[in-house]
Each structure stands twice: as structure tokens, then as C-alpha cells.
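Below are my notes, as numbered points to read beside the model.

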Amino acid sequence: MTKKAGFWSRAFHLYYDGFREMTLGKTLWLVILIKLFIIFFVLKLFFFPNHIKQEAGAGHEAEYVSEQLEMRLSEE
């Protein structure tokens, strides 16, 4: 008598077997992962600085955001 495997187990084995049999796909996944690293790490570091921490100082981020929201809502 064989036991029916659960959904998550079958899904895992489907992808595991698929990736194991890949040849060109492994290279493509490596390229995708490198691009994601560049997008989310390198660009974040150099082009999207943390303005809240710079303007408010350490530990006062919530107060700064609250003040900015109140100021912008009062301008409307």
C-alpha cells in the first residue's frame, strides 16, 4: 500500500527534478539571479539612499515621518 504524497511534497519534487535535468536553464537562472542581485542590492545602495534616517537621525524616524505627513496634509 503506497501513501499519497502531499501537495507540497509533490510540488517540491516536480521542481527539484526539473531543475536537476536542466542544462541551459541553469545558466539562465544564474543570469536571472545575478540581475536581481544588481537590481535590488547595488542600485539600492548607490541610487536610493535612506533619506529618512539621514534627515531624522537614529531613533527618530517615526517622529519625522509623522511630522512630514502632518505638514503635507495641512498644505492641502
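This is a predicted model: local features need pLDDT of at least 70, side-chain atom pairs count only at pLDDT 80 or more; totals for chains, interfaces and linings use all residues.

1. Phe41 has a relative accessible area of 44%, so it is partly exposed; that class lies between buried, under 20%, and exposed, over 50%, with a 1.4 Å probe and protein chains only. Residues are numbered from 1 along each chain as its sequence is written, and side-chain values use heavy atoms, with hydrogens and water left out.

2. How many aromatic pairs are there? The count comes to four, taking rings of Phe, Tyr and Trp (its six-membered ring) as paired if their centres lie within 6.5 Å; planes under 30 degrees apart are stacked, over 60 edge-to-face, and the rest tilted. One of them joins Phe19 and Trp29, edge-to-face, with 5.7 Å centre to centre and 70° between the planes. This pair links distant parts of the chain, as Phe19 sits in helix 1 (residues 7-21) and Trp29 in helix 2 (residues 24-47), ten residues apart. Helices here are DSSP runs of H or I with at least four residues, strands are runs of E with at least two, and both are numbered from the N terminus. Phe19 is partly exposed at 34% relative accessibility, and Trp29 is partly exposed at 41%.

3. The pair of Phe37 and Phe41 is stacked, with 5.1 Å centre to centre and 20° between the planes. Because these two residues are four apart in helix 2, about one helical turn separates Phe37 from Phe41.

4. Helix 2 deserves a look of its own. Its 24 residues should span 34 Å at 1.5 Å a residue, and the end C-alpha atoms are 33 Å apart, which agrees; the expected span is 1.5 Å times one less than the number of residues. Helix 2 also bends by about 30° at Ile38, the bend being the angle between axes fitted to the seven residues ending there and the seven starting there.

5. Phe48 lies in the loop between helix 2 and helix 3 (51-56). Is Phe48 buried or exposed? Its relative accessible area is 52%, so Phe48 counts as exposed. From Leu33, Phe48 is 15 residues away in sequence and 21 Å away in space, C-alpha to C-alpha.

6. Searching the whole structure gives one salt bridge, meaning a side-chain nitrogen of Lys or Arg within 4 Å of a carboxyl oxygen of Asp or Glu. The partners are Asp17 and Arg20, whose closest N and O atoms are 2.8 Å apart. Both residues belong to helix 1, three residues apart, about one turn of the helix. Asp17 is partly exposed at 33% relative accessibility, as is Arg20 at 47%.

7. Finally, the chain as a whole. It has four helices and zero strands. The radius of gyration is 24 Å, whereas a compact globule of 76 residues would have one near 11 Å; the value is taken over C-alpha atoms, and the globule rule is 2.2 Å times the number of residues to the power 0.38. The C-alpha trace spans about 70 × 35 × 30 Å along its principal axes. Of the 76 residues, 3% count as buried.
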